[in-house]
Each structure stands twice: as C-alpha cells, then as structure tokens.
Amino acid sequence: LQRQSADMRAKPGMEAACASDVKSLCPDVTPGGAQLHDCLRENAARIMNEVCKSMVRETENIDKKSASINFGIRTNCHNEKKAFCGDIPTGQSRILAC
C-alpha cells in the first residue's frame, strides 16, 4: 500500500483506468512521488472514468487513515513524527491525530 500511495502505477488497474483522465487533466505531471495522485485528487470532480474516480477516492481514504502508508506524511513529516508523536503507538490513525 505504501508503493500505491506514492505511485498510482503500483495499484493494479489504476494506470489503465485513469490513462485518459491523466492525459487530459494532468498532462505535465511526472509520475511518482504521489504527484499523479495529487493532481487527480485536485481534479476529482472532472474525472470522467468512474473506475478511476473510485480508485482515486479509495487511495485517498487509505492515505487519510494511516501515517505509515500516506506518502506525504512518510516523506515530509519524519522529524515532526519523531519530535511530537514519538511515544504514540501506531494504528487506529493515532499518529495522524497527533
């Protein structure tokens, strides 16, 4: 799931389902680093393919529930997690709440 949070190409079927939406909504976005996820989330209302839209929502919901899966949190908040949440047990979105 960590890889899927970072790169939509790692989620089975997502690259194919979202190909036309990526081409029209995110033409200049480089894959990886959750950049395509971010672009599709920003343009969710304009996604035409319902399977793609569902996968975008599913990935976003998973990212909202787990700091250990969420690419942005894992890569950008390491020091904050360590400084402010070091004694917080993982699971049940406790790190995200911290």
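A disulfide here is a pair of cysteine sulfur atoms within 2.5 Å. Keep in mind that this is a predicted model.

View 1. As for solvent, Cys-77 comes out partly exposed, at 26% relative accessible area.

**View 2. The disulfides as a set.** Searching the whole structure turns up three disulfides. Count the bonded cysteines along the chain and the pattern reads 1-4, 2-3, 5-6.

**View 3. Cys-18 with Cys-52.** These two are joined by a disulfide, S to S 2.1 Å. The torsion about the S-S bond is about 110°, so this one is right-handed. Cys-18 sits in helix H2 (residues 14-25) and Cys-52 in helix H4 (residues 50-65), so the link ties together parts 34 residues apart in sequence. Cys-18 is buried at 0% relative accessible area, and Cys-52 is buried at 0% too.

**View 4. Cys-26 with Cys-39.** Here the sulfur atoms of the disulfide are 2.0 Å apart. The link is left-handed, with -100° about the S-S bond. Cys-26 belongs to the loop between H2 and helix H3 (35-42), while Cys-39 is in helix H3 itself, so parts 13 residues apart in sequence get tied together. Both ends are tucked away: Cys-26 is buried at 2% and Cys-39 is buried at 10%.

**View 5. Cys-85 with Cys-98.** Cys-85 and Cys-98 make a disulfide, S to S 2.0 Å, and it's left-handed at -95°. The pair links Cys-85 in helix H6 (residues 78-85) to Cys-98 in the segment after helix H7 (94-97), 13 residues apart. Cys-85 is buried at 7% relative accessibility, whereas Cys-98 is partly exposed at 44%.

Technical notes. Residues numbered from 1 in each chain as written. Predicted model: local features only at pLDDT ≥ 70, side-chain atom pairs only at ≥ 80, totals over all residues. Heavy atoms only, no water. Helix = DSSP H or I, 4+ residues; strand = E, 2+ residues; numbered from the N terminus. Buried < 20%, exposed > 50% of the residue type's maximum accessible area, 1.4 Å probe, protein only.
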